[in-house]
Every structure is written in C-alpha cells, then in structure tokens.
Amino acid sequence: MQQILSKINFLTGSADELINLSSIPAKIPFDDEIINFLDDLSRYLMQDPKAKLYPDIITFAFWIRKSSVNNMREKFNNKNFRIGRGTAFHIAPSNIPVNFAYSLVSGLLTGNANIVRIPSKNFDQVRIINQAVNIILKKYDSLKNYIILVRYEHDNYINNFLSSIADIRVIWGGDETIKELRKSPLNPRSIEITFADRYSLTVIDAEYYLLQNNKTRISENFYNDTFLTDQNACTSPNAIIWLGDKERINAAKKIFWHEFHETARKKYNLLPIQAINKLTSAFICASKIPDCEILNSNDNLLVRINLKYLSPDIINYRDNSGFFFEYDCNNIIELKNLCNDKRCQTISYIANRDIFTSLINSGVKGIDRIVSIGRTLDFALIWDGYDLISTMTRIINLE
C-alpha cells in the first residue's frame, strides 16, 4: 500500500484522506455547502488576473457560479430520494486542460467524494484552478475529503488500487485509455462512465449565413469551438457541411473562410510541427479518400479538404489545429450515414434548427448534442448521452 501511495503526487488532499474515503458520507445532489464552495471558487477565478488570460477558465468559473448551479438544480426534478454513490474516480483527458475541473464538479454536485487524476502535462489552466481550489478549501474544512486531485505516471498498480475503492469510475480520453483502465477491475456494485473517441460536425445553411449581419462574431464563435482546444476536443467540428444551392454555397464559403482566417491569424499561434502534421494529413487524405481535393490556400493556417462523398471513414483521417473536411449537401438526410456512426457526438449549426428534425427521426444512432455555433464547449450535466445526475447517484426507495 505505502509503495503505491508513494508514487502518487497529491495536488489537493493527502494519502491519509485517500485511504479514509470509504468512511466519508455521501451527500444529496446539489448540497448547499457544495454550491457555496463552487460560488466562492467562481468568484476567486473571475477576479484572478492569471485566470483572465484563459477563456476556458473563465467559462468554467461562469458555469459554477451560484445562479448557474441553482438553474441546474431547478431542472433536476427528483421524484425519488437520491444520494451520491460514494467515491468517484475520474481519469481526465491529457489534451483538454480544464476538463478535469468539469468532471470534478459533476462528482461534487452529485454528492460524491472525488479522486481526480489530472493531466500530467503542466497546463497553466490546471495550475491556476488547482491553486484556487486549495485556497477556497481553507474555508471549507468539511469538504476537504471530497476533493483529492492527483498526478501519477501510467501505473497499473495505482489504477488497480484507485479502481478498487471507487463506486464510480469516470474515464475521459478515448478508446485506448478506456481499454487500458478496464484492465483494472471494479467492485461488483460499482459503475463506469466512459467518454470514448468522438467526432463532431458543423452544418451551415448558406442562405441563412448570408443573411446574418455580424459575420465577424460568427467567425469568433467558430474560433472558440475549434482553436481554443487546438481542435482536440471531441466537441470541436472536424467537418463543415454546407446546405443550399451551389451559387449560395460558394458565396457563403468565400465570406466565411475569409472571416475565419482573419480571426485565426490574429489570435492563433500555429507551431511548425502543427503545420507539418496538417500537410502530412492532407497528403494522406489525397491518397486514401477517393476524389477528394486539397483546396488552395495562401498559407496552411487552415487546411481544407473538399469531399465528393460523405462516409464515416473520412473521420479516420482527421487532424487538428485548423484541419477541416467540407461537403456540399442538398438535403440534410445525406448526413444519415455519417451521423449513424456512434462516434458522432455534437452538431453545431448556423441554420434554422428545425432542419434537423428529419435527420433525428431517421433513427440515427449517433448525435448526442445539437447546439448553435460557439456553444460546443458548453459543458452540461447531460453529456455524451449520459444524465450524470441520475448516473452518479443512487435511488433510495421510500414507500
């Protein structure tokens, strides 16, 4: 035991608190003290000059403020008595800095004590949020056992131990991470929530877009959906689907990509390795995807691949940091095969949302979210098809 614990770096909490988690009482969902803690954390981050440099931190802080959490609580229509399952072991993804914080809050709001393995990479956002959590926890002694943030190298013995004491295991980070963690058994009564590899799309109705007045704002929203996470988030669109006739689509594309290029040029620092990787991926697409076309560009800040055919296979060739597939579509139902893939997660749109009715009614097995452009990163307690409030709590039946 001590040999395992010695390999864990505790950023919040301690080895003693970790060992004693089984004696920590579960809370009811949306416990008042938890809400007050999160509100204080929100205020601290909102006022922290370092945090203000990172839009993803401010978005997180805005999400956990008291009024926002109370709105979530109001939507939680609890006809039964619910309580947290006990201990939640979260494995955060390595490429999305703030994801660990959202996962932690999900565990807290559902009444669970939490062990969160945070990314090993030294993201500034992780350091800033972790520092804020430790500062605010000084005012909440009774909550210290509910938040344990750890780092450790890939180690099956540690995974085995933390899984053995978990009532819930929450795995972010993709298919290979899930396969590896599943080698560590859970107790028979424990449950698992997995967030596997996913992809996302943007649908743009060309005529609808051309009628919009503030196209610069649309461009900034699309930038937030994509470049804020280097297009690594599962919610970041990999393909742009254009709806309409050829003339309007061509007109809309010209404006959209010009605006977006200007926004990205001003805000994004493209590293040489990213540029090389995108070009390599483009050439692989040219050799593997029938009749696709690498569209001309003045630089490779944005790499666009025009598709003649739409198939889930194209997603196997996706890249990040400004790499997009494009497809001109006459009817939304053409997306059925692509969206029938269970890996399809989010569709963002610039259109009338009613256009998706026929696609949903076709019985597609993919698609968990349809949101307006600029909102793909907005986390919610219903995510990837999971109702986290229901899943991370248990029902006590009172008759």
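Helices (H or I, at least four residues) and strands (E, at least two) are DSSP runs, numbered from the N terminus, and strand 6, spanning residues 168-172, holds R169. This is a predicted model, in which local features need pLDDT of at least 70 and side-chain atom pairs count only at pLDDT 80 or more, while totals for chains, interfaces and linings use all residues. Residues are numbered from 1 along each chain as its sequence is written, and side-chain values use heavy atoms, with hydrogens and water left out.

- R169 counts as buried because its relative accessibility is 2%, where buried means under 20% relative accessible area, exposed over 50%, and partly exposed in between (1.4 Å probe, protein chains only).
- The side chain of R169 makes a polar contact with the side chain of S163 at 2.9 Å, and a polar atom of the R169 side chain also lies 3.1 Å from the backbone oxygen of L181.
- A polar contact is a pair of N or O atoms within 3.5 Å; within protein, one must be able to donate a hydrogen and the other to accept it, and residues adjacent in sequence count only if both atoms are side-chain atoms.
- Leaving aside neighbours within four places in sequence, R169 is in contact (heavy atoms within 4.5 Å) with residues including F89, I91, I191 and I193.

**The loop between helix 2 and helix 3**
- I28 is placed in the loop between helix 2 (15-19) and helix 3 (32-47), and I28 counts as partly exposed because its relative accessibility is 42%.
- D31 is placed in the loop between helix 2 and helix 3, but D31 counts as buried, at 16% relative accessibility.
- The side chain of D31 reaches the backbone nitrogen of E33 at 3.0 Å.
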